[in-house]
Structure formats: structure tokens, C-alpha cells
Amino acid sequence: MTQTQGPSGEQNLTSDDTGDDSGADELGGVWDVVVVGAGPAGSSAAYAAASAPGGDGRRVLLLDKAAPPRYKTCGGGIIGPSRDALPPGFQLPLKDRVHAITFTLDGRLQRTRRSKRMLFGLVNRDEFDERLVQCAEKAGAVPATGVTVTGVRQEEDGLAVVTLQDGRSVRARCVVGADGSAGRIGAHVGVVFDQVDLGLEAEIPVPPSVAQAWAGRVLLDWGSLVGSYGWVFPKGDSLTVGVIAARGKGAETRAYLKDFIARLGLAGFEPSIESGHLTRCRSDDSPLAKGRVLVAGDAAGLLEPWTREGISYALRSGRLAGEWAARVADAGDATEVHRQTLGYTFAIKADLGEEMRIGRKLMSAFERRPRAFHVAAIGLRPAWKAFARVTQGHTTFAGLARSHGLGRQTLQMLIRR
Ligand SMILES: Cc1cc2nc3c(=O)[nH]c(=O)nc-3n(C[C@H](O)[C@H](O)[C@H](O)COP(=O)(O)OP(=O)(O)OC[C@H]3O[C@@H](n4cnc5c(N)ncnc54)[C@H](O)[C@@H]3O)c2cc1C
């Protein structure tokens with residue numbers, strides 16, 4: 001185990017995986033909160049746990065198997081709710097600001113909608129995630145990278161034990177599982193998923209003339225595979241081009257991405273990275289906690305079922321998990337631990353759970369009638385305005401469903417059976 005100084009001067013542990021178990025292990029002792037996974041959910045949880053009231057002296061550890069900056073398959077679209085859930089003073093490393101969206105239906109019926117006000121921003125996840133870790137560290141959390149977690153168990157002495165690949169273990173009063181959609185901690189909690197999709201992406205460096213043609217504008221294509229869509233997100237001198245569709249149609253999804261890239265005239269440019277990742281949405285009654293362990297972000301299956309937008313869900317659930325983890329850590333007995341984990345569950349269900357409920361309805365309608373969604377986006381002003389307002393963070397799909405305006409009527413029209 002080696003130590004380096006983080007940017008804020010705090011301790012930053014990196015493992016050479018020496019397996020050093022000599023007793024001078026920096027991961028030793030009892031931690032108040034151990035967060036597994038340093039994506040947006042984990043960093044947000046670590047930040048919130050370290051900053052929660054009574055936090056002086058609270059020991060918060062943030063573990064990740066990868067060292068930042070690490071690549072993550074993701075469009076890096078930062079919508080308003082993501083921006084609003086960032087730690088105070090966080091500087092978004094924006095690669096572009098989106099003011100226009102070109103919509104196509106399987107490559108046809110193209111129309112570009114524009115907005116004077118920025119719709120959403122675009123980041124590269126390696127840079128974005130690294131900054132979030134730095135924020136958590138500044139708040140007092142201790143990041144430890146190169147540490148792969150293999151599981152968690154709960155002991156009768158009221159502690160949770162996180163086990164590591166190198167044979168060591170870490171003891172905690174509360175654990176937050178934020179280790180992504182294939183995470184180990186979600187399996188321990190018993191998270192159940194009812195929608196699994198495969199996202200494929202290519203990072204395509206392009207010459208300045210091509211980059212210029214895309215600057216400030218994204219493209220969304222409603223695909224021919226059920227529930228699928230594709231996107232082009234410009235990031236300065238490269239484009240993130242991706243598609244997403246239900247899992248189980250790997251060959252068709254790959255063909256969709258290939259055709260999509262060719263149709264856009266981008267086939268002549270060599271991608272610098274090609275990757276894929278599964279997204280998983282929780283079922284409505286899936287657990288969010290077990291004993292002293294909470295789950296957040298993708299690990300909990302928290303993401304928007306229609307768009308598969310997950311950064312805002314990760315940031316928001318991570319913050320709540322961090323706040324409640326601090327309370328679990330301070331809890332005097334098992335009854336109080338249970339009360340606090342229930343508090344976390346209710347907070348998630350009341351907010352993100354409600355948003356996912358509307359998202360599922362949208363997804364179900366989109367699967368049946370993608371053309372109606374396209375016609376609404378390109379031809380109905382209230383539908384475009386509602387979509388723009390959601391991306392800007394003025395409302396959410398659940399907020400639209402509760403409102404009394406034209407946005408609600410459009411939403412009702414789209415999700416009607
Ligand atoms: C193709 C695609 C495009 C997307 N585009 C967008 C988009 O444009 N906008 C948007 O909002 N969302 C998008 N999403 C969703 C978004 O990427 C996720 O919802 C988001 O990353 C979830 O964050 P998280 O912190 O929960 O998990 P992650 O970002 O996956 O972070 C998990 C962390 O846990 C670590 N980890 C995993 N296992 C272990 C282990 N065993 N031990 C230690 N550490 C571990 C990983 O290294 C990682 O750092 C997209 C998803 C896909 C697949």
C-alpha cells in the first residue's frame with residue numbers, strides 16, 4: 001500500500017495490491033461510512049456523509065477498483081437535475097453546451113429544434129468523476145483507489161465488513177453500495193431489476209470542420225428496435241455516438257450502431273474507444289437497504305427508464321444515501337439503524353421512485369408508439385417545450401404529470417393506453 005497526497009492535501013490511499021496486511025493497514029480500524037464505488041453516486045454519498053451534521057471526526061472511506069481518471073461508457077449528458085445536485089461550487093468541466101436537438105425517426109423525418117437557453121451540458125466522464133472524488137476528499141472523505149471489493153457481510157457486533165480481492169477486509173458502521181449496475185453490494189441487498197438494456201458507444205475523433213458542424217447540437221434518433229434510440233453528443237474535437245436497446249438483441253444493437261454511424265457520414269473516422277455497458281432499472285418494490293448497507297445510483301437500479309439518464313439519479317440518491325449513512329453510523333442500536341434505513345427508503349421512493357413510475361409509463365408507450373413521440377417532438381410545440389424544460393431542470397416528467405398545463409396534457413396523450 002502506498003500513499004499519495006490528494007489535491008486538497010488530504011490522505012489519498014492507492015493500492016499497489018501488495019496485499020500488505022502488516023497491521024499498519026491504512027484501511028484498518030472501524031470506519032463510520034464506507035462507500036463502495038467512486039462514480040457520481042459514490043462520490044456524492046461520500047461528500048454528503050463527510051459533510052453531514054456532527055461530521056467532525058466522522059471517518060468516511062471511498063473505495064474504487066479503478067484509479068481516476070477512468071473511462072466510463074456514458075454519453076456524459078448533464079441535464080438540469082444533475083447540475084442542481086452537484087456539491088456547492090462544483091465547476092462542471094463542460095465540453096459543449098447544447099442549444100439544439102435534431103430528431104430523426106430511424107434516420108428519417110429530420111427536424112432540428114432550437115432553444116435560446118442552454119438545454120443541457122456535455123462532459124467526459126473521466127474528468128467529471130475525478131472532480132467529484134476531489135470534492136468528497138475536500139469534505140473529509142478518504143479515497144482509496146485500486147481496491148476491488150468482493151462482497152459485504154453483516155456481523156452480530158453491529159458492524160458491516162467489506163471484503164477485498166486482496167484478502168483484506170474493512171469494517172464499517174454503515175456501507176453505501178455505489179458500485180454500478182453490475183455491483184456486488186446490490187446483490188447482497190437483493191436489488192431486483194425489471195428492465196435491462198444494452199448501451200453501445202463509440203468515441204469518434206473528428207476534424208475541425210465536422211466538429212464545427214455539430215457544435216452546440218445533439219442528435220436523437222428513435223430506432224427501429226423496440227424501445228431503442230441513438231445519440232450523437234459533441235465534445236469539442238470528438239463525438240460520442242451511441243445507441244441503447246433492450247438486452248438480448250446484441251447483434252441487432254451492434255448493427256444499429258454501425259448503420260447509425262454510416263448514415264451520419266462518420267464511418268470514415270476511426271473511433272478511439274468502442275465500448276458497451278448494461279443499464280438496469282429496479283423494480284418498484286426492490287429493496288434499497290439491508291441491515292447497515294444502503295445502495296444508491298446504478299447499484300440500486302435507479303435511473304430514468306425511458307431515456308436511461310442516470311447521472312442525476314446517481315447524484316441525488318448518492319447524496320441521500322450519504323446523509324442517511326451518517327445517521328445509521330451514529331445510531332445507538334439495531335432499532336435505530338432500522339429506523340434510519342427506512343428513512344432512506346422512503347426518501348428515495350417519494351422522489352426518484354415517483355419519477356421512475358412515470359418513466360416506466362413513458363417507456364411502455366414509447367415501445368408501442370415511437371412515431372407518436374417523434375411527431376410530438378418535432379411537430380407539437382407544447383411537447384418540445386415540456387421536453388426542453390425537463391432537460392433544463394425546470395421540471396421533471398413526474399412534475400409534468402402533476403402540473404395543470406399543456407405539458408401535462410401532452411404527457412397524458414403520449415402515455416395513454
Ligand atoms: C451507453 C450509456 C450512455 C449513458 N449516457 C448517459 C448520459 O448521457 N447522461 C446520464 O445522465 N446518464 C447516462 N448513462 C447512465 C449513467 O452512465 C449511469 O447511470 C451513471 O454512471 C451511474 O453512476 P453510478 O455512480 O451509480 O455508477 P458508475 O458510474 O458505474 O460508478 C460505479 C463505480 O464503482 C466502481 N466499482 C465497480 N465495481 C467495483 C468493485 N467491485 N469494487 C470497487 N469499485 C467498484 C467502478 O469502477 C465505478 O467507478 C448512460 C449509460 C450508458 C450505458
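I take two strands as paired if DSSP finds at least two bridges between them, and I take helices (H or I, at least four residues) and strands (E, at least two) as DSSP runs, numbered from the N terminus. The model I am reading is predicted, so I note that local features need pLDDT of at least 70, that side-chain atom pairs count only at pLDDT 80 or more, and that totals for chains, interfaces and linings use all residues. Residues are numbered from 1 along each chain as its sequence is written.

**Hairpins around E12**

I began with the hairpin of E12 and E13, where four residues lie between the strands and Gly-167 takes a positive phi near 95°. Strand E13 (residues 169-177) runs antiparallel to E12, joined to it by four bridges, and I found Ser-169 of E13 to be the bridge partner of Thr-163. On its other pairing, E12 is joined by five bridges to strand E11 (residues 149-154), again antiparallel, with Gly-151 opposite Thr-163. The hairpin of E11 and E12 has five residues between the strands, and there Gly-158 has a positive phi near 85°. I also looked at the faces of strand E12 (residues 160-164): Ala-160, Val-162 and Leu-164 make up the covered face, whereas Val-161 and Thr-163 make up the uncovered one.

**Strand E7 and its partners**

Strand E7 (residues 100-105) pairs with strand E8 (residues 108-114) in the antiparallel sense over five bridges, and Ile-101 stands opposite Arg-113 of E8. Two residues lie between these strands in their hairpin, where I noted a positive phi near 50° at Asp-106. E7 also pairs in the parallel sense, over six bridges, with strand E15 (residues 217-222), and there I found Thr-102 opposite Leu-219.

**A three-stranded sheet**

I traced an open sheet of three strands in the order E5-E9-E6, with antiparallel pairing; its edge strands, E5 (77-78) and E6 (94-98), each pair on one side only. Two bridges join E5 to strand E9 (residues 120-123), and Gly-77 stands opposite Leu-122 there.

I next looked up the domain assignment, whose bounds come from an automatic or database source; it gives domain 1 (2-70 + 126-193 + 282-355), domain 2 (93-123 + 196-280) and domain 3 (368-415). The centres of domain 1 and domain 3, taken over C-alpha atoms, are 35 Å apart.

Taking contact as C-beta atoms, placed from the backbone, within 7 Å, and leaving aside neighbours within four places in sequence, I list among the contacts of Val-33 the residues Ala-49, Val-60, Cys-174 and Ala-325.

Note on methods:
Two residues are in contact if their C-beta atoms, placed from the backbone, lie within 7 Å. A residue is buried if 20 or more other C-beta atoms lie within 10 Å of its own, exposed if 12 or fewer, and partly exposed in between; C-beta atoms are placed from the backbone.
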